[in-house]
Amino acid sequence: MAAPVASAANPLRVQVLVFDGVEEQDFAGPLEVLGVAGRRSNGALTSTLVTPGRSGAVTCSFGTRLEVAKGWSPHEADVLVVPGGGYGTQSGVRRLMADQDFLRRLAAADVLLAGICTGVMVLSAAGLTRGRNATTHTLARADLAAQGANVINARVVDDGDLITGGGITSGLDVGLWLVERFLGAKQAQLVETLLEYERRGTVWRA
């Protein structure tokens, strides 16, 4: 790996999206990884929870209530993490996929996008996975392929400015890959040790 590209003087700013119906583990895993990395790197990485629109309360998939202080602003982030939230017709992800204003803003954003689980299908709905290498939850892979992505059977797929992860717990691996890519392998290994978590699978890189 190349030398770390983020530092306390030039921190990597990560926003983690949460919305009504978001899967708790999908955002909590990477948020924990990124929070530990930021603390242990003296602020070389910052992470913030954001909503798709205005700040306010969010109710997660299993009833957890969050008060989120900020709405998403692409001008205040280098990375946006988009977690999943089910995939049924009434799921949080389906509602987010139907939000045309949010999808337009997402498509126009000049940030690195990291989709987790069915959150990747939100990126697909915005046209951001067409012709790109990507993965998602196993139950949504056929739809992702039908919408034009080159689906890779991997835990994490890094296609440059688009990083995608498989189902639910892969958010931990996506978070650790972001740490490794921007802060270096040493920091990623330190976070793994502190969390007592061993990464699974291979990071597929274009």
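**A loop histidine and other parts**

A: H137 sits in the loop between β7 (133–134) and α5 (141–146); helices are DSSP runs of H or I with at least four residues, strands are E runs with at least two, and both are numbered from the N terminus. The model is predicted, so local features need pLDDT of at least 70 and side-chain atom pairs count only at pLDDT 80 or more, while totals for chains, interfaces and linings use all residues. Residues are numbered from 1 along each chain as its sequence is written, and side-chain values use heavy atoms, with hydrogens and water left out.

H137 has a relative accessible area of 19% and is therefore buried (under 20%; exposed is over 50%, partly exposed in between, with a 1.4 Å probe and protein chains only). Leaving out residues up to four places away in sequence, H137 touches C117, T118, G166, G167 and I168, where contact means heavy atoms within 4.5 Å.

Another loop residue, D159, lies between β9 (156–158) and β10 (162–165). D159 is buried too, because its relative accessible area is 11%. With residues up to four places away in sequence again not counted, D159 touches R132, N133 and A206. The C-alpha atoms of D159 and K70 are 28 Å apart, and 89 residues separate the two along the chain.

Next come two helices. Helix α6 (residues 170–183) packs with helix α7 (residues 185–195) at an angle of about 150 degrees, and their axes are 6 Å apart. Axes are lines fitted to C-alpha atoms over the stretch in contact, and angles run from 0 to 180 degrees between N-to-C directions. The two helices are therefore roughly antiparallel (over 145 degrees; under 35 is roughly parallel, 65 to 115 roughly perpendicular, the rest oblique). On the α6 side the contact is made by L176, V179, E180 and L183, and on the α7 side by A185, Q187, A188, V191 and E192. By class, these residues are six nonpolar, one polar and two charged; Ala, Val, Leu, Ile, Met, Phe, Trp, Tyr, Cys and Pro count as nonpolar, Asp, Glu, Lys and Arg as charged, and the others, Gly among them, as polar.
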